[in-house]
Amino acid sequence: MAASAEAAAEAALANVKGGLNATADVTLGSTATGSDGRAEVPVDITNHDTKSRRYTILIDFRDQSGNLLDAIVLEVPETTAGATSRATGRSNRNLAGTVTAEVRRALRY
């Protein structure tokens, strides 16, 4: 299941044309389990550019051993220059145990 989510996430990133690496613009909070059993992580995106930009972010959810459990793509609408947007990344399915989240890739365009 994680492999198909990962492939879908990578395909979504491949559709972004002209995106610049913006991993440094993205900060994740602590991962928690929502009332529906899905992993959730707060995401802060700070646009360090001089123009308004959109973001596409690939987030991996991993277990305590570092095994990939799920991967999602988070689309963030236009963020004003110098501003910070907030979003929530949610896993595609219920994840059990201790789950962490990490930004694998982030594109600004």
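Predicted model: local features only at pLDDT ≥ 70, side-chain atom pairs only at ≥ 80, totals over all residues.

Biologist: Where is Asp25 found?

Modeller: Asp25 lies in the loop between β1 (20–21) and β2 (26–28). Asp44, one of the residues it touches, is 19 residues away along the chain, with 8.1 Å between the two C-alpha atoms.

Biologist: Is Asp25 buried or exposed?

Modeller: The reading rests on relative accessible area, and buried means under 20%. Asp25 has 6%, so it counts as buried. Its side chain also makes a polar contact with the side chain of His48, at 2.8 Å.

Biologist: Which strands make up the open sheet, and in what order?

Modeller: Order in a sheet is read across the strands, by pairing. Here four strands form an open sheet in the order β1-β8-β5-β6, with antiparallel pairing. β1 and β6 stand at the edges with a single partner strand each, so one side of each has no neighbour in the sheet.

Biologist: How many bridges join β1 to β8, and how many join β5 to β6?

Modeller: β1 and β8 (residues 100–108) pair over two bridges, and Asn21 stands opposite Leu107 in β8. β5 (residues 53–62) and β6 (residues 68–79) pair over nine bridges, in the antiparallel sense. Within β6, Glu75 is the bridge partner of Thr56.

Biologist: Which residues have the most contacts inside the largest nonpolar core?

Modeller: In soluble globular proteins, nonpolar side chains tend to be buried together. The largest nonpolar core here has 17 residues, and Val43, Ile57, Ile59 and Phe61 have the most contacts inside it. β4 (38–46), β5 and β6 each supply at least two residues of this core.

Biologist: What do the totals for the protein say?

Modeller: Of its 109 residues, 35% count as buried. Among contacts with a separation of 6 or more, 67% come from residues 24 or more positions apart. The accessible surface is about 5,800 Å², and 47% of that belongs to carbon and sulfur atoms.

Terms used:
Residues numbered from 1 in each chain as written. Heavy atoms only, no water. Pairing = 2+ DSSP bridges. Buried < 20%, exposed > 50% of the residue type's maximum accessible area, 1.4 Å probe, protein only. Contact = heavy atoms within 4.5 Å. Polar contact = N/O pair within 3.5 Å; in protein donor to acceptor, adjacent residues only side chain to side chain. Core = buried A, V, L, I, M, F, W, Y, C linked by side-chain atoms within 4.5 Å. Areas by Shrake-Rupley, 256 points an atom, 1.4 Å probe, with all protein chains shown as cover. Lists of a residue's contacts leave out its neighbours within four places in sequence.
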